[in-house]
Amino acid sequence: MAEFFNVLPPGEALELLLGRLPERPAVAVCVADTARALGRVLAVEIRATESLPSFPRATMDGYSVRASDTYGASDGLPAWFTLVGEVPMGRGPDMSLGVGEAAVAYTGGMLAGNADAVVMVEQTQAVDEHTIEVVRPVAPGQNVAQPGEDVRVGESVLPAGHVIRPQDIGGLLALGIERVKVAERPRVGILSMGDEVVHPGVTPGPGQVRDINTYTVAGQVAAAGGIPELLGLVSDDYEEQLVAARQGLAKSDMLVLSAGSSVSARDRTVDIVAELGEPGPLVHGLALRPGKPAILGLCDGKPVIGLPGNPVSAMVVSSLVVRPTVYRLMGCARPPSPSERAAVLAQDIPSAAGREDYVPVRLVNGENGTEEAHPVWGKSGFIFTLVRADGLVRVPADAGGIYAGETVQVREL
């Protein structure tokens, strides 16, 4: 096919690819134990099966009372109450309050019958073992969690496409929902290409390097919820590459090709993508450093991503493109944002306008408790540039760099 290399900003390129995929794809569904569903994507909306709390609950230790009996109470003129018992935790009340009566209440426990408020223990004084003074009035409902105040039966609590977080697991189990329908994890085939690449267990010969990208990208895929399928290594023979890519795509929901994405006579990844299905390549080249020679394609409904061969470039492109695409395949239109933290840049970062730069940085505790971001300089072929780094600083395309002393957002690795 005719060679092309028209770069696009990473965000624009990703939208071009995702725009060809359904926002809510018809994902395969499976059932997962709620307690083990962390990071899974919900396939259906979840509605509350009951109201929480299911009964009026005290929000602090004290005494359940009828609020009207406390009106006018003060330090100089306290209201006297007769203690008629307590409501133990995990049990219902076995008494109802009359005028001027109170019962001991515990945080999270039920109130005595007829009670509509709780007086904090700090606003009472013991007269004897059967009598207390209340020195502050309370209003009806004060210090009480009402039924349905947290969530009401039938209320939508989590939408389809939501990535389950630890607090979501707690909420679902609080409703007694022990199993949930989630999207099947997409299978992402990863194929590394090149005569110079050998298996990590092999001692490299002259001009050879161990395969890195298969395993770093596999880790990123797994972290996003996908299932990495390691398709092995293939030489620079075009026909062998095409056969391996076809076989990999046939048994995967998405295919990632490592190396062979730059513009050269030997690197024909874009031609392979063109032969895998329609419409083929959508983007060849990102306005990005590192990672410019990347390919984004769609082949008969399946995303195909061509990564640069350099390990740093491959990981940056995978983070920006592969990760959100994996989430989209699970029906998640808005994947969780990567963790970021603010830091003060310790050195100038030069950049050329017109492209986004992602610079590895190491975070160091500076003076006065500030966190400093120290650039980790190194070529995109050096994996230990990232091993030594804690995150990446993005230099916008319209900036000529960032000066030392500026506050930056560090995208954590």
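## Around helix α6

Just past helix α6, Gly 331 takes a positive phi of about 85 degrees. Helices here are DSSP runs of H or I with at least four residues, strands are runs of E with at least two, and both are numbered from the N terminus. Bear in mind that this is a predicted model: local features need pLDDT of at least 70, side-chain atom pairs count only at pLDDT 80 or more, and totals for chains, interfaces and linings use all residues. Residues are numbered from 1 along each chain as its sequence is written, and side-chain values use heavy atoms, with hydrogens and water left out.

Helix α6 itself covers residues 311-329 and bends by about 45 degrees at Ser 318. That bend is the angle between axes fitted to the seven residues ending at a residue and the seven starting there. How much of α6 is buried? 18 of its 19 residues are, so the helix is largely enclosed by the rest of the structure. Buried means under 20% relative accessible area, exposed means over 50%, and partly exposed is in between (1.4 Å probe, protein chains only).

Ser 318 is found in helix α6 and is buried, with a relative accessible area of 1%. Leaving out residues up to four places away in sequence, Ser 318 touches Val 217, Gln 220, Leu 307 and Arg 323. A contact here means heavy atoms within 4.5 Å.

## Ile 227, in a strand

Now for a residue in a strand: Ile 227 lies in β16, which spans residues 227-234. With 23% relative accessibility, Ile 227 counts as partly exposed. Setting aside neighbours within four places in sequence, Ile 227 is in contact with Arg 185, Pro 186, Arg 187, Val 188 and Val 221. Val 256 is 29 residues from Ile 227 in sequence, and the two are 12 Å apart in space, C-alpha to C-alpha.

## A six-stranded sheet

Six strands make up an open sheet with mixed pairing, in the order β7-β4-β6-β5-β9-β8. The edges are β7 (117-120) and β8 (124-128), each of which pairs on one side only. Two strands pair if DSSP finds at least two bridges between them. Strands of a sheet pair through backbone hydrogen bonds, either parallel or antiparallel.

β9 covers residues 131-134, runs antiparallel to β8, and is joined to β8 by four bridges. Which residue of β9 is the bridge partner of Asp 128? Thr 131 is.

## The whole protein

Stepping back, the protein has seven helices and 28 strands. The C-alpha atoms fill a box of roughly 95 × 50 × 40 Å along the principal axes. The radius of gyration is 30 Å, whereas a compact globule of 413 residues would have one near 22 Å. That radius is taken over C-alpha atoms, and the globule rule is 2.2 Å times the number of residues to the power 0.38.

Buried residues make up 46% of the 413 residues. Among contacts with a separation of 6 or more, 71% come from residues 24 or more positions apart.
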